[in-house]
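Please read them with the structure open.

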Amino acid sequence: MAPRILTLANQKGGVGKTTTAINLATALAAIGERVLIVDLDPQGNASTGLGISRTDRDVSAYDVLVGEATVVEAAIMTSVPNVAIVPSTMDLWASS
Ligand SMILES: Nc1ncnc2c1ncn2[C@@H]1O[C@H](COP(=O)(O)OP(=O)(O)OP(=O)(O)O)[C@@H](O)[C@H]1O
Ligand SMILES: [Mg+2]
């Protein structure tokens, strides 16, 4: 079955995008879905919130967007079962 893609985006800051992403991913995984979060915010709060330290972000969403890495190469499993993440770094800020 093709994956469903859910986008959590809003121009306004501090309205719960990251909180929703982490909790929705965890809830979906808890009912048996396999979830990949693609963190496209240079703040990287979803990555940090799921326990991925900045030093573990060797390959990031930036590398995927510029064609220097595949999603498979960038994805890291988190400590939440069945939740993986393509982490973000400040590289996204520099490229905007
Ligand atoms: N449903 C909610 N009820 C109450 N507080 C919430 C809720 N969702 C998020 N918050 C709180 O609101 C604040 C902002 O949440 P969050 O960081 O998820 O927003 P954001 O939209 O990702 O922000 P940013 O624009 O900085 O990325 C946090 O302190 C978070 O704990
Ligand atoms: Mg956020």
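1. Start at the ligand. An oxygen atom of ligand 1 is 3.0 Å from a polar backbone atom of Val-15. Another pairing involves Thr-19: an N or O atom in its side chain is 2.5 Å from an oxygen atom of ligand 1. Gln-43 also takes part, with a polar side-chain atom 3.1 Å from an oxygen atom of ligand 1. Taken alone, ligand 1 exposes 630 Å², and the protein buries 46% of that. Accessible areas come from the Shrake-Rupley method with a 1.4 Å probe; for residues, only the protein chains shown count as cover.

2. On conventions: this is a predicted model, in which local features need pLDDT of at least 70 and side-chain atom pairs count only at pLDDT 80 or more, while totals for chains, interfaces and linings use all residues. Residues are numbered from 1 along each chain as its sequence is written, chains are lettered from A and ligands numbered from 1 in the order in which they are written, and side-chain values use heavy atoms, with hydrogens and water left out.

3. Which residues are around ligand 1? They are Gly-13, Gly-14, Val-15, Gly-16, Lys-17, Thr-18, Thr-19, Asp-41 and Gln-43. A residue is near a molecule if one of its heavy atoms lies within 4 Å of it. By class, this shell has one nonpolar, six polar and two charged residues. Ala, Val, Leu, Ile, Met, Phe, Trp, Tyr, Cys and Pro count as nonpolar; Asp, Glu, Lys and Arg count as charged; the others, Gly among them, are polar.

4. Helix α1 covers residues 17–30. Its 14 residues reach 20 Å from first C-alpha to last, close to the 20 Å expected at 1.5 Å a residue. The expected span is 1.5 Å times one less than the number of residues. Helices (H or I, at least four residues) and strands (E, at least two) are DSSP runs, numbered from the N terminus.

5. Which residues of α1 are buried? Ala-21, Ile-22, Ala-25 and Ala-29 are. Seen down the axis of α1, its buried residues fall within an arc of 90°, so they line one face of the helix. The arc is that of the directions from the helix axis to the C-beta atoms. The face turned away from that buried side carries the exposed residues Thr-19 and Ala-30. Buried means under 20% relative accessible area, exposed over 50%, and partly exposed in between (1.4 Å probe, protein chains only).

6. Ser-47 sits in helix α2 (residues 45–49). At 0% relative accessibility, Ser-47 is buried. Its side chain makes a polar contact with the side chain of Asp-39, at 2.7 Å. A polar contact is a pair of N or O atoms within 3.5 Å; within protein, one must be able to donate a hydrogen and the other to accept it, and residues adjacent in sequence count only if both atoms are side-chain atoms.

7. Check the backbone at Asn-82. Its phi is near 70°, a positive value in a residue other than glycine. Asn-82 is found in the loop between β2 (76–77) and β3. With 37% relative accessibility, Asn-82 is partly exposed.

8. Two buried loop residues follow. Thr-89 lies between β3 (83–86) and α5 (91–94), and has a relative accessible area of 16%. Thr-89 and Leu-40 are 49 residues apart in sequence and 8.6 Å apart in space, C-alpha to C-alpha. Ile-52 is in the loop between α2 and α3 (61–65), at 6% relative accessibility. From Ile-52 to Val-86, 34 residues apart in sequence, the C-alpha distance is 10.0 Å.

9. The C-alpha atoms of Leu-65 and Leu-92, 27 residues apart along the chain, are separated by 9.2 Å.
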